[in-house]
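Q: Hello! I am new to reading protein structures, and I would like a close look at one part of this one.

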Number of protein chains: 2
Amino acid sequence: MKVVAGIDIGGTNTKFGLVDEQGVCSEVGCLPTKGFTDPVYFVEELSKRILRLLQPNHQLIGIGIGVANGNFYKGTIEYAPNLPWQGIVPLASMFEQKTGVPCILTNDANAAAIGEMLFGGAKKIRDFIFVTLGTGLGSGIVSNGQLIYGHDGLAAELGHVMVIRNGRTCGCGRKGCLETYVSATGIKRTVYNWISRGEKSVLEKDKDKLQSADICKAASEGDALALRAFEFTGEILGHALANSVAYTSPKAIFLFGGLANAKNLLFEPTIRHFEKNLLTIYKNKIQILPSHLEENKVAILGAASLVWNQDVSTILIES
Amino acid sequence: MKVVAGIDIGGTNTKFGLVDEQGVCSEVGCLPTKGFTDPVYFVEELSKRILRLLQPNHQLIGIGIGVANGNFYKGTIEYAPNLPWQGIVPLASMFEQKTGVPCILTNDANAAAIGEMLFGGAKKIRDFIFVTLGTGLGSGIVSNGQLIYGHDGLAAELGHVMVIRNGRTCGCGRKGCLETYVSATGIKRTVYNWISRGEKSVLEKDKDKLQSADICKAASEGDALALRAFEFTGEILGHALANSVAYTSPKAIFLFGGLANAKNLLFEPTIRHFEKNLLTIYKNKIQILPSHLEENKVAILGAASLVWNQDVSTILIES
C-alpha cells in the first residue's frame, strides 16, 4: 500500500504520520522542534523516525511538509520567526537526500486547503478559499482546481489584507490587517480593549490571561460583551470575505481552527454581514462552511495531501 | 492563414476585426449596437460582415467576444445594463450557428488581460493582474498562466472591492467601491467635490462638464488641485493594489485605459503608496506597468486572443 509521510512543523513540536490514498492517517509521531538548533540533525532524526513507522506492506512515495514561511517553489523555509533555524533552509532537498523520496513543502494553510480539497468538504469544488483562524489568520486559495501560489510561492496572505484604515497595529508592522481583528488573538484584543475602557463582562476578572475559548464560553452563557465581540468579529470577517469574493469568485469559503469552533457564534454574524456586503451578482450562491477536516489531524493530512495531489495530477496526465 | 474574429460589443458601437496568430489586427469594421433591438438580427448582420472581411487566403478558426456582463462558462450576456437586449442572451451559440466556427465570450477586461498575456507585456508572465481604468474600473487576474474565472465565470471585479468604509455611493448600490475613486468617473468626482466646497482650480469654470483628460491637462500645467487629485487617486489605488497582492501575489500589475494615459501623474503616486503599503515579503519585486497593447485595438485583440489562447492550449496538450 502506497503511503505519504505528512509533517507539520510547529514552533514547539513537529508532528508527523503516514497517510494513505483515502486520507486515512495512521502511525503518528511527535518530535520537539525546539530541541534541534541545527536543521541537519532535525532532518536526520525525523527521517529515521518516519522510516521506522513504515509497515512491511507500506511503500513510501513521498513526503509533504506544512510549515510557516514555507516556499513551495524552492522547497525552503525562509526566515521563519518561530523556528530555531536562521535564514533560508533547503528543507525539501535535505529530506529527499536522507529518504530517497520526493519532498514537497508549502505553508501550513496552503497545505490544509489541499487537504480540504482531497479529503474534506471541497472534494468536488474547483474554486474555494480556506481560512484558518488560529493565533493569526492563514489562508489558501484554490481556483480552477489549483492552489494559487503566486509568482513567488507566497500568495494568499488574507490575514494581512488591511481592512481598517489606520486600524490596529499588526505584527507585520502595518495597520488594520484582518488578523488583528479576526483570529484568536484578534477577538481577545477586542474584549481586552472594551473591558479596559470600563465595560462590564464576566471576563473582566481574567482579562490578562484571556483565551478565545473563555470568550466563546461567556458568549454561550449570554455575556453581552462577549456576544458583541463575536458580532464585531463576524462583521469584519463578513465584510472582508465579501471583498475576497470579488477576486476569485469561489463557490465556498471554509473556516477552520480555534475561533471557527465557536460555530454559530461566529458563523451567524459572519454570514449575515457577508451576504449584506456582497456585490449583487455574487449574492445567495456562495457558502461559508466549517472545514470537514478533523482538527487534530489536519496538519499532517494537509501536508501529506501535497504529495497525493501531485500524484493525482500525474495520473491524470498519463491516462 | 488562420485568423480569428475579435468582437468588442459596446453600448454604442460594436467593433470587430480579424486577428492573426502574431496578434496583427486587420480588416476592421464597426456596427451600431444600439440599432439592433433584437439580438437575432445583430448576430445575422455581424456574421455576414465578418465573413465578408475574409480574404481568399484566410481560414476563420473562431470568434472571440469581449462584452460587459459576459459569462465565459455559459457563453451568455446576462442583464447588461448598457445593451439594448434584455435578460440572458446566448450570444456565443447564436454566432456558432450562423458562422459554423466556435465562439468564446467573456467580459471585456478579462479578454484584454488575455490579450496582454498573448500579445502584450505579459508574454512570459504567469501571474499578473490587468486593470482597466475607464468609465469604471475593470480587471482580469491571471494565475499559474490561467485567467481566473471563478466558479460562476464572474471573478475579478476589483472595481467593486469596497476600499473605504461608508465611502462614496457606487452604481452597484454599495459604498466605498474602488471604482468610485479610481476611474475616469472617480477622479472627476474627486475634483468636482473639492471645487464644490470652494477650493480653487483652473478647472472650476467647467466643473459640470469635466473630463478626466481636462484634469490630466491641468495637472500637467501645475494646477495644485488637479495634482492633488492624482495624488489622492494614486494613494487609494496603491493601497488597494497592495491588498490585491495578498491574494494572488502577481509578478506585475498592468494599468490600461483613459486614466492610465496620465502616465507618471498616476503611476508615480500609485507606485509610491503601493510599495509603502505592501507586506514586507512582497516589497520591491512587483512591477506596476502600463499596458503594452495599442489602445484603439485592445478590445478586438483581447476578444480574438480568447480563441488564440484556447488554440495554444490545445497545441500544448497535443505536443
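What is the order of the strands in the open sheet of 5 strands in chain B? Please walk me through that part step by step.

A: Happy to! This is a predicted model, in which local features need pLDDT of at least 70 and side-chain atom pairs count only at pLDDT 80 or more, while totals for chains, interfaces and linings use all residues. Residues are numbered from 1 along each chain as its sequence is written, and chains are lettered from A and ligands numbered from 1 in the order in which they are written.

The order in the open sheet of chain B is β3-β2-β1-β4-β8, and the pairing is mixed. Strands here are DSSP runs of E with at least two residues, helices are runs of H or I with at least four, and both are numbered from the N terminus. Two strands count as paired if DSSP finds at least two bridges between them. At the edges of the sheet stand β3 and β8 (103-106) of chain B, each with a single partner strand, so one side of each is left without a neighbour in the sheet. On average, neighbouring strands of this sheet are turned by 20 degrees against each other, direction ignored.

Now let us zoom in on β2(B). Of the 7 residues in this strand (residues 13-19), 6 are buried, so β2(B) is largely enclosed by the rest of the structure. A residue is buried if 20 or more other C-beta atoms lie within 10 Å of its own, exposed if 12 or fewer do, and partly exposed in between, with C-beta atoms placed from the backbone.

On one side, β2(B) pairs with β1(B) (residues 2-9) in the antiparallel sense over 6 bridges. A hairpin with 3 residues links β1(B) to β2(B). You can follow the pairing residue by residue: B:Asp8 stands opposite B:Lys15 of β2(B), and B:Val4 has B:Val19 of β2(B) as its bridge partner.

The pairing of β2(B) with β3(B) is also antiparallel, with 6 bridges joining them. Here B:Thr14 stands opposite B:Leu31 in β3(B). The hairpin of these two strands has 5 residues between them, and B:Gly23 takes a positive phi near 85 degrees there. As you trace a strand, keep a general rule in mind: in a regular strand the side chains alternate between the two faces of the sheet.

Helices lie across the strands too. α1(B) lies across β1, β2 and β3 of chain B, running at about 155 degrees to β3(B). Helix α2 of chain B (residues 91-99) lies across β4 (59-67) and β8 of chain B, at about 155 degrees to β8(B). Such angles run from 0 to 180 degrees between N-to-C directions, and the axes are lines fitted to C-alpha atoms, for helices over the stretch in contact. Contact means that the C-beta atoms of two residues, placed from the backbone, lie within 7 Å.

Finally, look at the loop between β3 (25-32) and α1 (39-53) of chain B, where B:Gly35 lies. B:Gly35 is exposed, with 12 other C-beta atoms within 10 Å. From B:Gly35 to B:Glu231 is 196 residues in sequence and 41 Å in space, C-alpha to C-alpha.
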